[in-house]
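User: I would like a close look at one part of this model, with the surroundings described carefully enough that I can follow them in the viewer.

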Amino acid sequence: MRLTYPSNIRIVKLPCTGRVAVIHLMRALEKGADGVFVAGCMEGDCKYQLGNIRARKRVEYVRQLLATIGLEPDRVAMYNLSSGEGPRFAEICREMTEKVRKLGPNPIRVKGERKEKAA
Amino acid sequence: MIMAKPKPIEEIIQEIKDFDKVLVAGCNGCVAVCEAGGLKEVEILASALRMYFANQQKKMEVGEVSLTRQCDKEYLAEIKDRIGDYDAVVSIACGAGVQFMTEMYNTMRIFPGVNTCFIGVTDEKGVWSERCQACGACILASTGGICPVARCSKRLLNGPCGGSSNGKCEIDKEVPCGWQLIYERLKELGELKRFEQPTPPKDWLTSRDGGPRKMTKEESRL
């Protein structure tokens with residue numbers, strides 16, 4: 001499979017999405033990412049039983065928090081797919097990129113003073 | 001331990017919006033356990049505030065610190081050299097911590113970042129419930145280890161009342177009747193005789209009725 005997906009995506013590898021804490025998603029946005037998605041295993045298939053379920057709750061929490069501080073909740077999303085679904089991963093990357101592109105650049109990076117630190 | 005709940009971020013923003021440099025100060029004691037005011041919550045709140053003000057194009061520096069406890073001067077003193085760099089502090093410790101910080105740094109504006117709720121326990125991760133109202137005169141010995149002051153909605157000392165139904169309180173079908181719990185516990189212990197003698201009126205002077213409380217342990221004083 002020689003799949004292509006948008007080159008603007010930066011992958012952060014973790015042993016399990018259960019390791020994703022609220023602050024990781026917040027920092028990504030604060031440092032200038034236009035959007036963040038968490039790609040976890042299918043629900044019910046977590047090797048550690050509940051890692052992806054916990055990640056989903058944290059993603060939902062961050063979405064709510066973003067709404068309260070005037071940012072678009074859709075900049076953060078949770079997807080579930082198995083590690084064998086390469087085409088699905090590429091599709092999600094395109095989908096998320098399109099969704100975030102429609103929202104526009106991260107306003108924090110554009111308006112704030114943290115631009116230089118974002119890189 | 002003392003349980004607290006984060007205040008809505010809009011409320012915190014409203015308080016600090018006119019300042020330029022704000023320190024978010026957490027407490028690694030009780031409020032860290034109930035996930036309202038520890039190091040993790042400091043990081044999240046500070047990050048959210050920075051993003052909000054950056055989006056508003058307002059220059060705002062948000063610092064972060066989390067102290068071992070905010071109810072002891074020794075730990076509050078750890079920030080004495082840097083607190084002056086800020087215009088205001090959002091303390092996400094319990095009400096005692098916020099007040100003690102205000103007393104220690106009385107020229108500084110200190111705002112609460114949490115609502116302090118009750119003295120309670122961790123039922124399970126993410127779920128906490130009340131157990132004690134700090135009435136100052138414990139009667140757990142006569143009630144089988146279940147407190148009617150904290151667990152009965154009416155704080156009855158002789159219960160249950162007519163609102164108890166199928167072991168639940170009339171205020172909510174999910175809330176167990178404190179006195180039903182006491183009855184069952186005393187039955188297990190074979191101490192139902194306790195119900196034959198009504199509990200005399202409680203002296204509430206040791207509770208809030210006696211005004212703000214203070215205690216001294218003479219042998220501990222320096």
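How many other C-beta atoms lie within 10 Å of that of V22(A)?

Analyst: The model is predicted, so local features need pLDDT of at least 70 and side-chain atom pairs 80 or more, while totals for chains, interfaces and linings use all residues. Residues are numbered from 1 along each chain, with chains lettered from A and ligands numbered from 1 as written.

There are 19 other C-beta atoms within 10 Å of V22(A), and V22(A) is therefore partly exposed (buried means 20 or more, exposed 12 or fewer, partly exposed in between, with C-beta atoms placed from the backbone). V22(A) belongs to helix 1 of chain A, which covers residues 22-30 (a DSSP run of H or I, at least four residues). Leaving aside residues up to four places away in sequence, V22(A) touches R58(A), Y61(A) and V62(A), and also I44(B) from chain B (contact means C-beta atoms within 7 Å).

K57(A) is placed in helix 2 of chain A, which runs over residues 51-68. K57(A) also counts as partly exposed, because 13 C-beta neighbours lie inside 10 Å. From K57(A) to A39(A), which is 18 residues away along the chain, the C-alpha separation is 13 Å.

In chain B, the buried residues of helix 7 include W179(B), L181(B) and Y183(B), and the buried residues of that helix pack against helix 6 (148-151) and strand 9 (172-176) of chain B. Just after helix 7 of chain B comes G190(B), whose phi is positive, at about 70°.

Notes
Helix = DSSP H or I, 4+ residues; strand = E, 2+ residues; numbered from the N terminus. Contact = placed C-beta atoms within 7 Å.
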